[in-house]
Amino acid sequence: MAAMAALQSSMTSLSLSSNSFLGQRLSPLTIYPVPGKLTSKPCLIVVKLKPWERKECKPNSLPILHKMHVKVGDTVKIISGHEKGKTGEITKIFKHNSTVIVKDINLKTKHMKSREEGEPGQIIKVEGAIHSSNVMLYSKEKNVASRVGHKILENGQRVRYLIKTGEIIDNAENWKKLKEEKKKTEVAVSA
């Protein structure tokens, strides 16, 4: 009987409360310390990157976009690489890594799988990207490649021009032509 009373008294001294563990109190702050602000944010880039590529990001996790001397619709000449000397029109630009796609230049072969049953796979040619430093603006009229300069017109508009020829690239006619082509492609895609 005395042994039972001693056993009960030892059990009550070791009883676990809701906020203790084996007689030691745990403070809720020391369990999981949560930092107020994270110093390094993950870089959320929409563009598909290779596993070894790392792009610098702004504080809002967006990639740093590079300024480029060319725009969509410009006629350019390739000044280096295996396509050197060829000319073409820019169809797309990628500002996150400063590359451009020139129409019918730097063609790559792509093997496409069949999407539906019974449909055969195919091998197609697609344009590969070229770094913007490997292209130079080109004048069709005078057949000369030139560096680009910037100047402000009398009406306050800032335009680009070819340094060798003085030809203005950013004129209203070019913008109208580009907008019309864009509308045509949008209509063709939606149809």
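This is a predicted model: local features need pLDDT of at least 70, side-chain atom pairs count only at pLDDT 80 or more; totals for chains, interfaces and linings use all residues.
Local features here need pLDDT of at least 70 and side-chain atom pairs count only at pLDDT 80 or more, while totals for chains, interfaces and linings use all residues. Residues are numbered from 1 along each chain as its sequence is written, and side-chain values use heavy atoms, with hydrogens and water left out.

Trainee: Between which strands does Asp104 lie?
Mentor: Strands are DSSP runs of E, at least two residues, numbered from the N terminus; helices are runs of H or I, at least four. Asp104 sits in a loop, between β5 (99-102) and β6 (107-112).

Trainee: Is Asp104 buried or exposed?
Mentor: Buried means under 20% relative accessible area, exposed over 50%, and partly exposed in between (1.4 Å probe, protein chains only). Asp104 has a relative accessible area of 56%, so Asp104 is exposed.

Trainee: What is the phi of Asn143?
Mentor: Asn143 is in the loop between β9 (135-139) and β10 (144-146). Asn143 is not a glycine, yet its phi is positive, at about 50°.

Trainee: Which residues does His69 touch, leaving out those up to four places away in sequence?
Mentor: His69 is in the loop between α2 (28-31) and β3 (75-78). Contact means heavy atoms within 4.5 Å. By that rule His69 touches Ser132, Val135, Leu137, Val148 and Arg160.

Trainee: How far apart in space are His69 and Ser133, C-alpha to C-alpha?
Mentor: In sequence, 64 residues separate His69 and Ser133. In space, their C-alpha atoms are apart by 9.0 Å.
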